[in-house]
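Subject: Handover of a structure

Dear colleague,

Please find below the structure that I am passing on to you. A short account of the findings follows it.

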Amino acid sequence: MSLRIKQDQARFRDIVRGRIKANLKKYVQKGELIGKKGKDFITIPVPSVDLPHFRFGQRQQGGVGQGEGAAGDPLSPAEGEGGGKAGEGEGQHLLEVDVPLDELADILGEELQLPRIEPRGKDRIVATRSRYTGIASSGPESLRHFKRTYKQALRRHIATGSYDHLRPMVVPVREDRRYRTWKEVPLPETNAVVIYMMDVSGSMGDDQKEIVRIESFWIDTWLRKHYKGLETRYIIHDAVAREVDRDTFFHTRESGGTMISSAYELCKTLIDSEYGPSAWNVYPFHFSDGDNWSADDTRLCVEILRSSILPAVNLFCYGQVESPYGSGQFIKDLKESVGGGENVALSEIADKDAIYASIKTFLGRGP
Amino acid sequence: MSAKSTDLPGHLYDIRRDVERYAREYGLDFYETIFEVLGFDEINMVAAYGGFPTRYPHWRFGMEYERLSKGYEYGLSKIYELVINNDPSYAYLLSSNMDVDQKLVMAHVFGHVDFFKNNFMFRHTDRKMMDRMANHGTRVRRHQDELGAEKVEDFIDRCLSLENLIDYQSPYVRRHADTRTRADQEETVAKGFKTDREYMRSYLNPPGYLEGRQKTLEESQAKAKKVPESPERDVLQFLLEHAPLERWEHDILGIIRDESYYFAPQGQTKIMNEGWATYWHSTIMTQKALTASEIVDYADHHSGTLATRPGQLNPYKLGVELWRDIEDRWNKGRFGKEYDECDSFEERRRWDRRLGLGREKIFEIRKHYNDVTFIDEFLTLEFCVDQKLFTFGYNEKHQRWEILQRDFRKVKEKLLQMLTNFGQPIITVDDGNHDNRGELLLSHAHDGVDLKADYARDTLRNLQTLWRRPVILKTEVEGRKVDLRFDGREHTQGPAKK
């Protein structure tokens with residue numbers, strides 16, 4: 001059955017792609033559907049065209065909300081924005097549903113045609129795990145299997161004809177008892193760590209960070225699908241680098257210069273001290289606007305990458321986010337020096353539209 | 001969409017009959033309501049059209065459809081229920097919903113339809129909107145056949161950019177009396193008080209009085225010649241009457257204006273209306289309609305509806321809590337002078353006069369209030385604290401949205417500010433012949449929040465294509481009064497002229 005609305009939809013898509021009505025192209029917004037998984041918000045891109053109206057600037061306006069929290073507490077990033085637009089249809093009643101992240105990762109994988117990741121070191125990294133798989137007639141009392149014991153006793157009662165359905169009393173004896181047993185199974189450990197590094201110098205604004213936030217969410221989701229124990233670490237840097245928690249990572253803004261080597265140095269230290277490549281799959285992601293302090297520092301970065309980071313990691317990704325001040329030189333320098341490396345992915349991210357292409361660049365190799 | 005079928009499948013027919021009976025027993029008074037069961041694709045389409053499957057073609061409905069379908073495919077959201085204000089009322093049920101959901105939705109829908117029928121804001125809406133929308137659809141399609149889809153759609157885009165420039169109060173208040181007949185009878189030269197006695201004349205009309213009188217007269221005549229006579233909020237109406245539009249353009253602008261007025265009351269009673277429907281679905285379900293096996297699913301979905309997120313006010317939640325609060329207060333007699341003047345916290349907390357007036361009161365309120373007056377009158381300090389309301393704003397320094405405060409007066413003030421004029425800036429046409437050059441002068445009644453600047457410029461541009469002569473908007477930017485002007489070629493922004 002073809003619905004009349006499909007024509008309107010096709011027309012809308014053409015506008016978004018810029019095929020028709022070029023005058024509307026500038027109103028195309030990279031909107032997002034926001035869903036919730038536990039505490040995390042996930043976003044799915046839905047472009048929209050917002051026709052201009054006389055309306056209030058939102059940041060000045062603020063609003064009223066409901067819930068816990070003291071004055072000065074932040075609202076989570078997904079909130080506050082958007083909102084405010086009253087739907088015209090009465091009682092359009094949207095229900096929020098939790099999304100299984102696994103499914104999302106599948107959808108993403110399908111859409112971007114990402115290959116499956118083969119965790120390395122499957123044969124090297126082996127741990128044994130106990131799995132309770134069997135039943136035995138002897139064992140410690142703490143492992144007694146109540147149901148199976150009961151069944152066994154019932155079976156015996158019936159077999160011996162002592163079961164009275166009017167007085168259904170079942171008394172297990174010593175021989176009825178059943179216990180759980182376990183097997184030692186060798187399990188390949190597939191631990192992975194993602195080390196996010198971000199430039200927080202003055203030139204990285206809100207929009208740039210939003211791009212990094214969305215991108216890192218998808219990277220997390222994808223990698224988490226392939227690795228059981230995924231850890232994430234966060235490093236911010238301007239002229240010096242430090243490790244921070246997730247929240248600080250996305251909300252810090254410093255002024256001052258940019259010394260990318262400081263972050264790489266810290267990343268190297270982290271890998272050396274905690275994430276040895278024999279036990280971990282390591283994924284460093286670095287985001288910056290590409291303006292490094294000096295050519296000397298860039299040389300130092302390449303040096304650290306070559307000697308320490310690249311040999312230790314599965315994949316090193318660098319994403320250069322375009323800022324209002326343009327895009328810097330760093331990505332070119334990397335391309336020339338280490339760009340040919342098998343485990344290096346470089347990507348330029350002009351705007352939110354480019355996020356998905358960039359994820360494909362990063363994860364499309366499936367190392 | 002498939003042919004209209006008003007026959008519900010058997011089990012739904014029974015559910016509907018029961019729920020309708022319960023609703024009537026509680027005193028709800030609604031139009032005949034026709035339920036239709038649709039698949040998700042169809043319900044998404046109908047929802048994208050704002051409830052009217054026969055609307056005119058336009059890409060923005062496709063955009064809405066895409067958003068809804070994507071939300072559904074990714075499992076983020078689904079449309080539960082959709083009801084339109086019409087007589088008979090139409091409500092759409094999603095076929096994949098469980099029976100307990102359908103029950104809930106029906107109870108909810110009867111709440112909405114009762115509200116549509118009885119609330120004063122809806123009194124002037126067209127109850128045959130289903131037909132009117134179809135009619136609009138036909139007209140737009142005919143224009144498109146004659147002139148080309150592109151051309152007509154471009155014009156619709158421009159009109160939509162102006163669609164909020166209507167007078168949100170006008171269906172209820174007559175703004176200006178017809179003055180044309182009065183004009184003939186008015187004096188044009190000040191005569192002063194009449195007297196037959198010559199010696200009294202200078203006493204009754206002292207020097208200066210006549211001159212002053214003459215001046216006021218001239219001023220009021222100048223005003224009468226001005227178009228519009230006094231600032232006009234219904235900018236679209238003004239354009240329909242005075243802009244040099246072609247016939248088809250006139251027709252389309254009229255359609256946009258009609259539909260804008262039709263949808264406006266729904267936006268202006270969102271909190272009351274959703275709250276009311278929620279109040280009734282929960283009352284009907286928990287007291288009458290639920291069976292034991294349905295309770296868990298019901299509770300799950302009901303709480304999903306009422307979930308709140310810190311940065312977003314959920315109209316269902318705020319609304320239903322207010323209705324319950326009012327009912328409780330009028331049941332216990334917590335109103336009036338004596339209660340208001342009682343200072344003892346303890347006494348207020350235990351206050352119960354056992355009046356039992358709650359139900360009666362809420363039925364009365366649902367007739368005579370809209371969101372603004374509802375919040376203004378019934379949002380109390382206690383309620384604000386209980387419901388943990390707060391204001392939030394953007395902190396430039398931290399670059400994030402933050403909770404600002406929980407002060408009752410501030411919260412209420414902010415809430416009212418957001419709701420006033422449907423949350424839209426108040427913009428009026430002040431002069432259709434500005435500077436005697438046929439320019440259109442608009443002004444924005446600035447109340448502390450600036451307009452979004454780039455949008456304002458682009459909207460002005462759209463307005464100019466309708467007016468054809470230069471257009472000017474008086475507003476404020478960062479505390480300074482400015483005139484934004486667009487003359488068809490370029491934008492200028494200068495300090496305000498008087």
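Of the 498 residues in chain B, 39% are buried, a residue being buried if 20 or more other C-beta atoms, placed from the backbone, lie within 10 Å of its own. This is a predicted model, in which local features need pLDDT of at least 70 and side-chain atom pairs count only at pLDDT 80 or more, while totals for chains, interfaces and linings use all residues. Residues are numbered from 1 along each chain as its sequence is written, and chains are lettered from A and ligands numbered from 1 in the order in which they are written.

Chain B holds 21 helices and 11 strands (DSSP runs numbered from the N terminus: H or I of at least four residues for helices, E of at least two for strands).

Three of the strands of chain B form an open sheet with mixed pairing, in the order β1-β4-β3; two strands pair if DSSP finds at least two bridges between them. Its edge strands, β1 (33-38) and β3 (81-84) of chain B, each pair on one side only. Strands β1(B) and β4(B) (residues 89-94) run parallel and are joined by six bridges. One partner pair is B:Leu38 with B:Leu94 of β4(B).

In chain A, helix α8(A) is kinked by about 45°, centred on A:Leu305; the bend is the angle between axes fitted to the seven residues ending at a residue and the seven starting there. Buried residues of α8(A) are A:Thr298, A:Cys301, A:Leu305 and A:Ile309.

Yours sincerely

Conventions:
A residue is buried if 20 or more other C-beta atoms lie within 10 Å of its own, exposed if 12 or fewer, and partly exposed in between; C-beta atoms are placed from the backbone.
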